[in-house]
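The sequence and the structure are shown first.

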Amino acid sequence: MSSSTYIRPESLWAASGFYYQAIEMNVATTGMYTILSNSIIDTQGFIYNNSFNTSYPDENLMSFDDDGAGSNKQFMITVVLEAMTKYILFVTTYVGNTLGTFSIIGLGPGTINFLESKQNLYKLQTDTLREFLSDKMQYLSKRKE
Ligand SMILES: [Ca+2]
């Protein structure tokens, strides 16, 4: 993660009107995993250890990416995930007020379990007001063959 290209989450979150979906993740096998998105939307991904707080977006943040997958402005994050640990994959869009479907692909030494967070899909506001919306974002996981 280069400091020259790293976009601090606050600068993104400071702008209102971004939808996001929080997806809980866990793995049975500790190892290095790569998680990327597939969508026609310009996505961004954040991985948090255990939990996240929209008021403190840096807290528990492990990794962040915007266009690392190299095509179609999809994020790709490679990170070590430990077994028996709860992680949150936080998916949002580069452009505000964007909704649509996306897929999440996970590659690594074992299966990644994805669970929809109870918080599911919200529209992020500057005052951290969370507006629950219908489930228009979808995801799936694949195990590396
Ligand atoms: Ca992107």
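Asn-50 counts as exposed because 11 C-beta neighbours lie inside 10 Å, where a count of 12 or fewer is the cut-off for that class. The model is a predicted one, and in it Asn-50 has a positive phi of about 75 degrees although Asn-50 is not a glycine. Asn-50 is found in the loop between E3 and strand E4 (61–65).

A second residue with a positive phi is Met-84, whose value is near 65 degrees and which is likewise a residue other than glycine. Met-84 has its place in the loop between E5 and E6, and it counts as exposed because it has 8 C-beta neighbours inside 10 Å.

Phe-75 is also a loop residue, placed between E4 and E5. Is Phe-75 buried or exposed? Phe-75 is buried, because 27 other C-beta atoms lie within 10 Å of its own, and 20 or more are required for that class. Once its neighbours within four places in sequence are left aside, the residues in contact with Phe-75 include Leu-36 and Ser-37, Thr-43, Gln-44 and Gly-45, and the stretch of Asp-65, Asp-66, Asp-67, Gly-68 and Ala-69. With Gly-45 the C-alpha to C-alpha distance is 5.9 Å, although Phe-75 and Gly-45 are 30 residues apart in sequence.

As for the chain as a whole, the protein chain has one helix and nine strands, and from the N terminus on its elements run α-β-β-β-β-β-β-β-β-β. Of the 145 residues in the protein chain, buried residues make up 30%. Among the contacts between residues at least 6 apart in sequence, 78% join residues that are at least 24 apart.

The largest nonpolar core has 26 residues, and those with the most contacts inside it are Tyr-48, Tyr-87, Ile-88, Leu-89 and Phe-90. At least two residues of this core are supplied by each of strand E1 (18–27), strand E2 (31–38), strand E3 (43–49), strand E5 (76–81) and strand E6 (87–93). E1 gives the most to this core, with six residues.

Strand E6 deserves a separate look.

Pairing places E6 alongside two strands: E1 and E6 pair in the antiparallel sense over six bridges, and E3 and E6 pair in the antiparallel sense over seven bridges.

The bridge partner of Met-32 in E5 is Val-80, while in E7 the bridge partner of Asn-38 is Ser-103 and that of Thr-34 is Leu-107.

The pairings described above are listed here.

| Strand pair | Sense | Bridges |
|---|---|---|
| E1 and E6 | antiparallel | six bridges |
| E3 and E6 | antiparallel | seven bridges |

Three strands form an open sheet in the order E5-E2-E7, with antiparallel pairing. Which are the edge strands of this sheet? They are E5 and E7, each of which pairs on one side only. From one strand to the next, the twist averages 25 degrees.

Note on methods
Residues numbered from 1 in each chain as written. Predicted model: local features only at pLDDT ≥ 70, side-chain atom pairs only at ≥ 80, totals over all residues. Core = buried A, V, L, I, M, F, W, Y, C linked by C-beta atoms within 7 Å. Helix = DSSP H or I, 4+ residues; strand = E, 2+ residues; numbered from the N terminus. Pairing = 2+ DSSP bridges. Contact = placed C-beta atoms within 7 Å. Axes fitted to C-alpha atoms, helices over the stretch in contact; angles between N-to-C directions.
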